Amino acid sequence: MTRLTLIAELSIPAIPPSVNHYLKQRRGGGKTLTDASREFKRTAYQAIGRYAPHKPSEKRIAVEVTYYPARKGDSDIDNRNKLVMDALVEAKFIVDDSQIDEILMKRGKEIVTGGRVDLIVCEIDDRRQLSK
């Protein structure tokens with residue numbers, strides 16, 4: 001049986017750009033983050049970084065994500081997760097986003113000025129899980 005241990009309940013006062021607006025082409029080739037992506041990462045770190053545990057979790061992770069749009073009819077929620085999961089790594093809640101085994105995404109019922117992302121981050125305590 002899978003059991004979850006709560007690591008944190010967090011709130012980021014912004015909505016990340018979609019995957020369509022996550023990266024842009026560099027002049028010399030390759031890709032780089034867009035200004036919107038950099039701004040979200042900065043906002044996310046400022047909002048959640050201070051709540052990080054002393055040491056990042058190395059266990060398997062489950063995350064519940066609730067997106068509160070900035071306006072009615074805001075886009076799909078399924079193409080916004082990459083920057084949110086990266087924020088958990090940068091703020092040192094987890095070592096790497098490859099640890100995430102479960103993601104539950106929901107759209108919040110209310111409109112929030114500027115948008116918001118609420119997160120519930122848990123370690124998966126499953127005695128049957130495969131070792132690394």
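Asp118 touches Leu10, Ser11, Glu64, Val65, Thr66 and Tyr68, leaving aside residues up to four places away in sequence, where contact means heavy atoms within 4.5 Å. The model is predicted, so that local features need pLDDT of at least 70 and side-chain atom pairs count only at pLDDT 80 or more, while totals for chains, interfaces and linings use all residues. Residues are numbered from 1 along each chain as its sequence is written, and side-chain values use heavy atoms, with hydrogens and water left out.

Asp118 belongs to strand β6, residues 116-125; strands (E, at least two residues) and helices (H or I, at least four) are DSSP runs, numbered from the N terminus. With a relative accessibility of 19%, Asp118 counts as buried, a term that means under 20% relative accessible area, with exposed over 50% and partly exposed in between (1.4 Å probe, protein chains only).

Strand β6 is part of an open sheet of four strands, in the order β1-β6-β4-β5 and with mixed pairing, where two strands pair if DSSP finds at least two bridges between them. Because β1 (3-12) and β5 (100-107) stand at the edges with a single partner strand each, one side of each is left without a neighbour in the sheet. Strand β4, residues 61-68, pairs with β6 in the antiparallel sense over eight bridges, and Val65 has Leu119 as its bridge partner in β6.
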